[in-house]
Structures are given as C-alpha cells and as structure tokens.
Amino acid sequence: MKIRVDYVPGTAPQQLPSHPKDVHAQSDGRFQCPRCNTSFTRKNNLHNHLKFQCGQQPRFNCPYCEYRTKHSPNVRTHVRRLHPSQQVYVIDVLLHKNLL
Ligand SMILES: [Zn+2]
Ligand SMILES: [Zn+2]
C-alpha cells in the first residue's frame with residue numbers, strides 16, 4: 001500500500017521568500033540583521049532595512065567608472081572628487097535615467 005503525502009514539512013513553496021528568523025535584541029541593546037549582520041539601535045530601523053535595503057543592489061551608478069552606491073548624493077561627491085573635469089550627474093540603474 002502506498003501512502004499519499006500531501007504536505008512535507010520543511011519544503012516551503014518556491015514563491016515564498018525565505019523569512020528572516022525572529023529578531024532579538026543583542027546584549028548591548030542593538031538589533032542585528034540576520035542576513036547581513038548590520039546592527040541598528042531601533043527595531044523599526046531594522047525592519048525598514050529588511051524591507052527596503054537588505055539584499056538590494058545599489059541603484060546609483062557613476063557615469064565614468066564602476067562606482068555604485070545606494071545613495072545618489074554619494075555619486076555626486078564621488079564624481080566631484082574622482083572625475084573633477086567631468087559633468088556631475090548620476091545614473092539611476094533602476095529607472096534607466098540620468099539624474100542631473
Ligand atoms: Zn541586512
Ligand atoms: Zn567614478
């Protein structure tokens with residue numbers, strides 16, 4: 001006789017993102033991201049980080065080299081310092097736009 005198995009524990013459906021383990025405060029009162037180990041002083045900041053930042057690719061690119069960052073002002077600073085004779089602008093990789 002064959003036993004039909006409808007549900008195997010431990011095999012989560014593919015489309016569900018792997019859920020981070022429950023977050024606990026560290027001994028120094030900081031909250032640490034279980035994925036990348038960045039720590040935060042507030043639990044809210046960690047939740048925002050997990051939602052919007054963690055694992056995301058930096059979206060702002062320097063037009064003149066490989067430099068990439070998550071914050072567009074960093075590119076402007078970078079261009080002024082490393083490419084002083086060039087026009088200062090930022091490539092938004094996500095929207096495929098140049099930000100002047
Ligand atoms: Zn993280
Ligand atoms: Zn550059």
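This report describes the fold, the nonpolar core and selected residues of a predicted protein model.

## Basis of the model

Local features require pLDDT of at least 70 and side-chain atom pairs pLDDT 80 or more, whereas totals for chains, interfaces and linings use all residues. Residues are numbered from 1 along each chain as its sequence is written, and chains are lettered from A and ligands numbered from 1 in the order in which they are written.

## Secondary structure

The protein has two helices and six strands, taken as DSSP runs numbered from the N terminus (helices: H or I, at least four residues; strands: E, at least two). Along the sequence they follow the pattern β-β-α-β-β-α-β-β.

An unreviewed UniProt entry places the feature "domain: C2H2-type" at residues 31-58; UniProt positions use the present numbering, feature names are shortened, and annotations may be inferred rather than shown by experiment. Over residues 31-58 the chain is 39% helix and 14% strand, with the end C-alpha atoms 23 Å apart.

## Burial and core

Of the 100 residues, 7% are buried (20 or more other C-beta atoms within 10 Å of the residue's own; exposed means 12 or fewer, partly exposed in between; C-beta atoms are placed from the backbone). The largest nonpolar core consists of five residues: Phe-60, Cys-62, Val-75, Val-79 and Val-90. Such a core is a set of buried Ala, Val, Leu, Ile, Met, Phe, Trp, Tyr and Cys residues joined through C-beta atoms within 7 Å.

Beyond its neighbours within four places in sequence, Val-79 is in contact (backbone-placed C-beta atoms within 7 Å) with Cys-62, Tyr-64, Gln-86 and Val-88.

## Arg-68

Arg-68 belongs to strand β4 (residues 68-69) and counts as partly exposed because it has 16 C-beta neighbours inside 10 Å. Leaving aside neighbours within four places in sequence, Arg-68 contacts Pro-58, Phe-60 and Asn-61.

Notes: Contact = placed C-beta atoms within 7 Å.
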